Amino acid sequence: MGKSKGIWITRGVIILLVVIGYSFFKGRYNTMVTQKESVKTAWRQVENQYQRRLDLIPNLVNTVKGYATHEQETLQGVVEARAKASSVNINPENLTEESLRQFQNAQSEVSSALSRLLVTVERYPDLKANQNFLELQAQLEGTENRIAVARQRYNEVAQEYNTYIRTFPTNIIAGMFGFTPKAYFTADAGAERAPTVEF
């Protein structure tokens with residue numbers, strides 16, 4: 001009788017350990033999946049805001065083209081930067097530092113081209129007073145703000161995910177199932193320096 005009681009206790013302990021182990025792994029794994037999906041969702045919002053900016057560019061270029069006929073080089077630069085940025089696609093499953101850097105570089109070229117275009121506009125008072133141009137400019141400014149918010153939100157979600165998969169013992173489970181860290185957006189080169197203003 002004592003031997004069978006010991007077998008039942010051993011079986012009970014083994015079953016209890018299996019249930020606890022299963023719950024532990026299941027909880028950690030499901031949390032990693034949930035956080036990874038949050039990173040992908042935040043990334044999609046970043047892409048949506050950049051796409052919104054790219055969608056505004058043709059209207060802006062066409063509006064400027066009607067007034068600034070001598071600025072073909074600047075307009076062409078904006079169109080080319082937009083085309084290049086449109087061609088850079090990143091799989092949210094593979095948000096590495098290299099792929100994110102490539103995406104950021106393409107988007108920085110768009111920002112630079114738009115800045116040159118807006119500086120050019122200063123020479124055309126009739127264009128600066130055009131209601132269509134003013135609306136497009138306001139939409140572009142709003143989109144730039146949305147991009148900044150989306151990038152910040154992405155970085156926050158990516159940090160939460162990265163921290164979770166790197167902490168012990170989750171890092172062991174993350175390694176077993178291929179959960180890898182996600183890259184962060186960083187400031188553009190030169191952003192730490194204040195611009196020079198000359199009068």
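Which residues in H5 meet which residues in H6? Tyr164, Ile165 and Arg166 in H5 meet Thr170, Asn171 and Ala174 in H6. The model is predicted.

**Helix H6**
- Helix H6 spans residues 170-177, and its buried residues are Thr170, Ile173 and Ala174.
- Viewed down the axis of H6, these buried residues fall within an arc of 100 degrees, so they line one face of the helix.
- An α-helix has 3.6 residues a turn, so residues three or four places apart point the same way.
- Gly175 and Met176 are exposed, and they lie on the face of H6 turned away from its buried side.
- Gly178 follows H6 and has a positive phi, near 75 degrees.

**H5 against H6**
- Two packed helices are described by the angle between their axes and the distance between the axes.
- For H5 and H6, the packing angle is about 100 degrees and the axes are 6 Å apart.
- An angle of 65 to 115 degrees counts as roughly perpendicular, and H5 and H6 are therefore roughly perpendicular to each other.
- The residues of the contact of H5 with H6 comprise 3 nonpolar, 2 polar and 1 charged.

**H3 against H5**
- Helix H3 covers residues 97-121 and helix H5 covers residues 131-166.
- Their axes come within 13 Å and cross at roughly 150 degrees.
- The cut-off for roughly antiparallel is over 145 degrees, which makes H3 roughly antiparallel to H5.
- The crossing of H3 past H5 is left-handed.
- H3 contributes Gln104, Leu114, Leu118 and Val121 to the contact.
- H5 contributes Phe133, Gln137, Leu140 and Arg151.
- By type, the residues of the contact of H3 with H5 are 5 nonpolar, 2 polar and 1 charged.

- Is Met32 buried or exposed? Met32 counts as buried because its relative accessibility is 0%, and the cut-off for buried is under 20%.
- Leaving out residues up to four places away in sequence, Met32 touches Tyr161, Tyr164, Ile165, Thr170, Ile173, Ala174 and Phe179.
- Among these partners, Thr170, Ile173 and Ala174 are the buried residues of H6.
- Tyr164 and Ile165 also touch Met32, and both take part in the meeting of H5 with H6.
- Asn89 lies 57 residues from Met32 along the chain, and their C-alpha atoms are separated by 24 Å.

Definitions and conventions:
Residues are numbered from 1 along each chain as its sequence is written. This is a predicted model: local features need pLDDT of at least 70, side-chain atom pairs count only at pLDDT 80 or more; totals for chains, interfaces and linings use all residues. Side-chain values use heavy atoms; hydrogens and water are left out. Buried means under 20% relative accessible area, exposed over 50%, partly exposed in between (1.4 Å probe, protein chains only). Helices (H or I, at least four residues) and strands (E, at least two) are DSSP runs, numbered from the N terminus. The arc is that of the directions from the helix axis to the C-beta atoms. Axes are lines fitted to C-alpha atoms, for helices over the stretch in contact, and angles run from 0 to 180 degrees between N-to-C directions. Angles under 35 degrees count as roughly parallel, over 145 as roughly antiparallel, 65 to 115 as roughly perpendicular and the rest as oblique. A crossing is left-handed if the near helix is turned anticlockwise from the far one by less than a right angle, and right-handed if clockwise. Contact means heavy atoms within 4.5 Å. Ala, Val, Leu, Ile, Met, Phe, Trp, Tyr, Cys and Pro count as nonpolar, Asp, Glu, Lys and Arg as charged, and the others, Gly among them, as polar.
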